[in-house]
Amino acid sequence: MDGFRVTYTVECAEVVAQLSPERRILLDRGLAVLARDPYHKATAPIGTHEDNRKAQVAPGVLIEYVVAHAVMVVVVLTVFDDSLYLLADDELGSGGDT
């Protein structure tokens, strides 16, 4: 077997089903990297248990997952939507006083 098998909770599978095709491709590519190495240097443990991890797998896509035996279970999938920022684009870059 080449890497870990990736699976989703029911809730995460519903979010994945709603992704745009472009974002789904990016998610799949990121998960393919993690399936080969779920402890990749770009990941971080959640809490004190090394097998509970998080990673930003694509632009605007953060996952939390659990590694168990030869399976990675994605338990949280957060998709950040640029259109939902509180600040407008022209307010983000200045960094100065408001």
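Trainee: Which residue in β5 is the bridge partner of Val66?
Mentor: This is a predicted model, in which local features need pLDDT of at least 70, side-chain atom pairs count only at pLDDT 80 or more, and totals for chains, interfaces and linings use all residues. Residues are numbered from 1 along each chain as its sequence is written, and side-chain values use heavy atoms, with hydrogens and water left out. Strands here are DSSP runs of E with at least two residues, helices are runs of H or I with at least four, and both are numbered from the N terminus. In β5, Val66 has as its bridge partner Val73.

Trainee: How many bridges join β4 to β5?
Mentor: Strand β4 covers residues 61-68 and strand β5 covers residues 71-79. Two strands pair if DSSP finds at least two bridges between them. β4 and β5 run antiparallel, and the number of bridges joining them is 8.

Trainee: In what order do the strands of the sheet stand?
Mentor: The sheet is open and its pairing is mixed. Its 5 strands are in the order β1-β5-β4-β3-β2.

Trainee: Why is one side of β1 and of β2 left without a neighbour in the sheet?
Mentor: β1 (5-8) and β2 (44-46) each have a single partner strand, so one side of each has no neighbour there. The reason is their place in the sheet: both stand at the edges.

Trainee: Which strands does helix α1 touch?
Mentor: Helix α1 (residues 10-18) packs on the sheet, and contact means heavy atoms within 4.5 Å. Its direction makes about 55 degrees with that of β5; axes are lines fitted to C-alpha atoms, for helices over the stretch in contact, and angles run from 0 to 180 degrees between N-to-C directions. The strands touched by α1 are β1 and β5.

Trainee: At what angle does helix α2 run to β3?
Mentor: Helix α2 (residues 21-36) lies across β1, β3 (49-58), β4 and β5. Its angle to β3 is about 145 degrees.

Trainee: Is Thr43 buried or exposed?
Mentor: Thr43 sits in the loop between α2 and β2. Buried means under 20% relative accessible area, exposed over 50%, and partly exposed in between (1.4 Å probe, protein chains only). With 10% relative accessibility, Thr43 is buried.

Trainee: Which side chain makes a polar contact with the side chain of Thr43?
Mentor: A polar contact is a pair of N or O atoms within 3.5 Å; within protein, one must be able to donate a hydrogen and the other to accept it, and residues adjacent in sequence count only if both atoms are side-chain atoms. The Thr43 side chain also reaches the backbone oxygen of His40 at 2.7 Å. The side-chain partner, at 2.9 Å, is Arg53.

Trainee: What distance separates the C-alpha atoms of Ala58 and Gly30?
Mentor: Ala58 is in strand β3 and is buried, with a relative accessible area of 7%. Ala58 and Gly30 are 28 residues apart along the chain. Their C-alpha atoms are separated by 6.2 Å.
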